[in-house]
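Please open the model in a viewer and keep the selection tool at hand. The stops below are arranged so that each selection leads to the next.

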Amino acid sequence: MTLLKLNPCLFLFVSFFTVHLGVSAQVETPQLSPVSTINQKVGLSDIEITYARPSKRNREVFGNVVAYDAMWRLGANKNTTITCSDDLYFGSDTLKKGTYAVFATPHKQSWDVYFYTDYSNWGTPDEWDDSKVALKVQPKVLSLANSVETMTIALENLSTDGAVLSISWDRVAVKMPFTLDTRTKVDNSINKVMSGPSAGDYYSAAKYYYNQELDKKKSLEWINKAVELRGTSAYWYTKLQAEILAWNGEYKKAIEAAQISMKTAASKGNEDYVRMNEKSIAEWKKMK
């Protein structure tokens, strides 16, 4: 019988590869409290809530899994967070736009719900800092006829200017209505559109036409309007105005605009714009 000889190098490679696979491989199992993210538009505002969702699993939740009169991370694992793009008004109290951790202290008749400015914790903070409490809301406890198996945070009763932040688990729920100043956002949008393009809109349009060499007259019309609305303090506006004037063959006016741009840039300490304007003025003086 012929014996097969194994190359020692090949044997070492196979052994290393096998050991490496054994070390790096990881068993993947489902989480008992999976993470959920809510992204909801309320009126013209964006609200995002991220939290881990524990389940009841035949346990008594409040007074057992979640202690009464003790701080709770409002979920499992990493603390719950909420991000709002605009201020939220809980009655007469205001939660400023931003990102917060949300904690709760459940009591039998009501809860204390805290919006905490430090949202980087895993669970509750090691040391609680009252100065980091942006808002405290105290909703009453509602008893549910049917048990909620998995803890649920939701935004309910959506309207154009508010909603209800709801937390429910087992046979307990708390609901926190809030409003938004949607009217002001709508009015600002209407006023902006009705009043016509802004200086920035005219500037962007003029710059695009200039860079793409599309329409000299239209580009000049737009940059003149931009400078009129913004003023000569924006030296990058007057620099573009000078460039477009020169493009239209109006070198004398181009030099005047460049001098204004250069003077303002110098007062702001922007030497790059000073040098660019000096170079352009020297070129245009030869072409007058």
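Which residue forms a salt bridge with aspartate 170? Select lysine 56: its closest N and O atoms with aspartate 170 are 3.3 Å apart. A salt bridge here is a side-chain nitrogen of Lys or Arg within 4 Å of a carboxyl oxygen of Asp or Glu.

Before continuing, please note that this is a predicted model, in which local features need pLDDT of at least 70 and side-chain atom pairs count only at pLDDT 80 or more, while totals for chains, interfaces and linings use all residues. Residues are numbered from 1 along each chain as its sequence is written, and side-chain values use heavy atoms, with hydrogens and water left out.

Keep both partners selected and colour the elements around them. Aspartate 170 belongs to strand S10 (residues 162–179), whereas lysine 56 sits in the loop between strand S2 (45–52) and strand S3 (76–84); the two are 114 residues apart. Helices (H or I, at least four residues) and strands (E, at least two) are DSSP runs, numbered from the N terminus. Aspartate 170 is buried, at 11% relative accessible area, and lysine 56 is also buried, at 17%. Buried means under 20% relative accessible area, exposed over 50%, and partly exposed in between (1.4 Å probe, protein chains only).

**Second stop: the open sheet**

Next, select S1, S2, S3, S6, S7 and S8. These six strands form an open sheet in that order, with antiparallel pairing; two strands pair if DSSP finds at least two bridges between them. Strand S1 (35–42) and strand S8 (133–137) stand at the edges with a single partner strand each, so one side of each has no neighbour in the sheet.

Within the sheet, S3 and strand S6 (residues 98–106) pair in the antiparallel sense over five bridges. Select threonine 83, and then its bridge partner in S6, threonine 99.

Then move to serine 36, which is found in strand S1. What does serine 36 touch, not counting residues up to four places away in sequence? The contacts are Ile49, Thr50, Tyr51 and Arg53, contact meaning heavy atoms within 4.5 Å. Serine 36 counts as buried, at 19% relative accessibility.

Select residues 199–211. This is helix H3, with 13 residues. Show the side chains of Ala199, Tyr202, Tyr203 and Ala206, the buried residues of H3. They cover an arc of only 100° around the axis, which puts them on the same side of H3; the arc is that of the directions from the helix axis to the C-beta atoms. These buried residues pack against helix H4 (216–230) and helix H5 (235–247). After H3 comes glutamate 213, whose phi is positive, near 50°.

**Last stop: two further salt bridges**

In helix H4, select glutamate 228 and lysine 225, which lie three residues apart, about one turn of the helix. Their side chains meet in a salt bridge (3.8 Å, N to O). Is glutamate 228 buried or exposed? Glutamate 228 is exposed, with a relative accessible area of 57%, while lysine 225 is partly exposed at 30%.

Finish with glutamate 250 and lysine 253, a salt bridge whose closest N and O atoms are 3.6 Å apart. Glutamate 250 is partly exposed at 25% relative accessibility, and lysine 253 is partly exposed at 48%. The count of salt bridges comes to 12.

Terms used:
Expected span 1.5 Å × (residues − 1).
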